Amino acid sequence: MIQKRVRKRDAAAINHLAGQYYLGQLGLTKDVPRAIELWIEAAELGSVDAHYKLGDTYYHGDGAQQDKPRGVHHWQEAAMKGDVWSRSCLGLAEYNQGNCKLAVQHWMIAAKMGDEDSLNSIKEMFIDGHATKARYAEALRGYGDAVEEMKSHQREEAKRL
């Protein structure tokens, strides 16, 4: 089924197949270069998740030669399309470069999208004196609003079960 969707150039299927090559699952031999080729194809077809995974692979050098600028580029592509994890990773990349102000900006956006790790990063930045109390309060409100928006009767019922 996956191969059939891949032949039809379905970005989600290509991204999924890339992940299987990356991990060596579904009877496939682990093949990171093949996974990267497929993620690039999926990203070109509009897969936000493929951009995130390319960013992660290149930034950390997981199975590929480390290329932080290329990794950041892919995270930027995904973040501009609303990917919260990419936005959070951009915050960490900026923090690692010593750009605390930019890191806080990225984490603010991610926290307002409901990312608890980004909220905690802003809290740490506040404790360390790199973020104001007002920014932390804004992040808390934004995070709370995002979490509230994601609540639904169906989700609560699923948690209960």
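Predicted model: local features only at pLDDT ≥ 70, side-chain atom pairs only at ≥ 80, totals over all residues.
User: What makes a set of residues a nonpolar core, and which have the most contacts inside the largest one?

Analyst: The members must be buried nonpolar residues such as Ala, Leu, Ile or Trp, joined through side-chain atoms within 4.5 Å. The largest such core has 18 residues. Those with the most contacts inside it are Ala35, Ile36, Leu38, Trp39 and Leu54. Helices α2, α3 and α4 each supply at least two residues of this core. The largest share, seven residues, comes from α3. A second, separate core has 13 residues, including Ala103, Met108, Tyr136 and Tyr143.

User: How do you know that the span of α3 agrees with what a helix should have?

Analyst: Helix α3 covers residues 32-44, which is 13 residues. At 1.5 Å a residue, α3 should span 18 Å. The end C-alpha atoms of α3 are 18 Å apart, so the two values agree.

User: Which residues of α3 are buried, and why are they said to line one face?

Analyst: Buried means under 20% relative accessible area. In α3, that holds for Val32, Ala35, Ile36, Leu38, Trp39, Ala42 and Ala43. Seen down the axis of α3, the buried residues fall within an arc of 165°, so they line one face of the helix. Their cover includes α2 (11-23) and α4 (48-60). The face turned away from the buried side carries the exposed residues Pro33 and Glu44.

User: What makes Asp31 a cap for α3?

Analyst: A side-chain oxygen of Asp31 lies 3.1 Å from the backbone nitrogen of Arg34. The cut-off for a polar contact is 3.5 Å. Asp31 caps the N-terminal end of α3.

User: Why is Gly46 called partly exposed, and where is its place?

Analyst: Gly46 has 40% relative accessibility, so it counts as partly exposed. The place of Gly46 is in the loop between α3 and α4. Gly46 follows α3 and has a positive phi, near 105°. From Gly46 to Gln25 is 24 Å in space, C-alpha to C-alpha, and 21 residues in sequence.

User: How is the chain divided, and how far apart do the domain centres lie?

Analyst: Domain 1 is 1-81 and domain 2 is 100-160. The C-alpha centres of domain 1 and domain 2 lie 28 Å apart.

Key: Residues numbered from 1 in each chain as written. Heavy atoms only, no water. Helix = DSSP H or I, 4+ residues; strand = E, 2+ residues; numbered from the N terminus. Expected span 1.5 Å × (residues − 1). Buried < 20%, exposed > 50% of the residue type's maximum accessible area, 1.4 Å probe, protein only. Arc of directions from axis to C-beta. Contact = heavy atoms within 4.5 Å. Polar contact = N/O pair within 3.5 Å; in protein donor to acceptor, adjacent residues only side chain to side chain. Domains from an automatic or database assignment.
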